[in-house]
Amino acid sequence: MTSRLLSTPRRRFAAVLAAAAAVVAFGSWALWPVHDPSCVVYSSAYLPMGASKAEVDAAVRQGYEEALADGACGPKRARFHYWTR
């Protein structure tokens with residue numbers, strides 16, 4: 001007796017497609033580069049209250065680059081790297 005979920009070719013194709021999408025989504029999440037969780041960077045940049053997202057991102061990026069140059073932070077790595085410690 002087969003499951004109703006896999007009873008027709010169209011449903012089998014949809015189930016395989018959904019499973020593949022879930023695997024790809026998890027894989028991209030696990031491999032996305034992230035900062036070391038022990039590295040917290042505070043930028044001393046002055047930003048006005050109505051600063052655009054691009055300005056805020058630039059200030060954060062500059063603070064991270066300074067911390068990276070000073071040796072306070074390590075480079076970005078894949079997310080799963082921290083699970084193996």
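What share of the contacts in the chain with a separation of 6 or more comes from residues 24 or more positions apart? The figure is 58%, where contact means heavy atoms within 4.5 Å. Keep in mind that this is a predicted model, in which local features need pLDDT of at least 70, side-chain atom pairs count only at pLDDT 80 or more, and totals for chains, interfaces and linings use all residues. Residues are numbered from 1 along each chain as its sequence is written, and side-chain values use heavy atoms, with hydrogens and water left out.

Let's start with the overall layout. The chain has two helices and two strands, arranged along the sequence as α-β-α-β. Here helices (H or I, at least four residues) and strands (E, at least two) are DSSP runs, numbered from the N terminus. The chain has 85 residues, and 13% of them count as buried; buried means under 20% relative accessible area, exposed means over 50%, and partly exposed lies in between (1.4 Å probe, protein chains only).

Now follow helix α2, which covers residues 53-70. Within α2, the residues A59, G63, Y64 and A67 are buried. Looking down the axis of α2, you find its buried residues within an arc of 130°, so they line one face of the helix. That arc is taken from the directions from the helix axis to the C-beta atoms. A54 and A69 are exposed residues on the face turned away from the buried side of α2. After the helix comes G71, with a positive phi near 85°.

Side chains of opposite charge can pair when their charged atoms come close. The structure has one salt bridge, meaning a side-chain nitrogen of Lys or Arg within 4 Å of a carboxyl oxygen of Asp or Glu. The partners are K53 and D57, at 3.0 Å from N to O. Both lie in α2, four residues apart, or about one turn of the helix. K53 is exposed, at 62% relative accessible area, while D57 is partly exposed at 32%.

Finally, look at P33 in strand β1 (residues 33-34). P33 is partly exposed, with a relative accessible area of 40%. Although P33 and R77 are 44 residues apart along the chain, their C-alpha atoms are separated by 4.9 Å. Beyond its neighbours within four places in sequence, P33 is in contact with K76, R77 and A78.

Technical notes
The expected span of a helix is 1.5 Å times one less than its number of residues.
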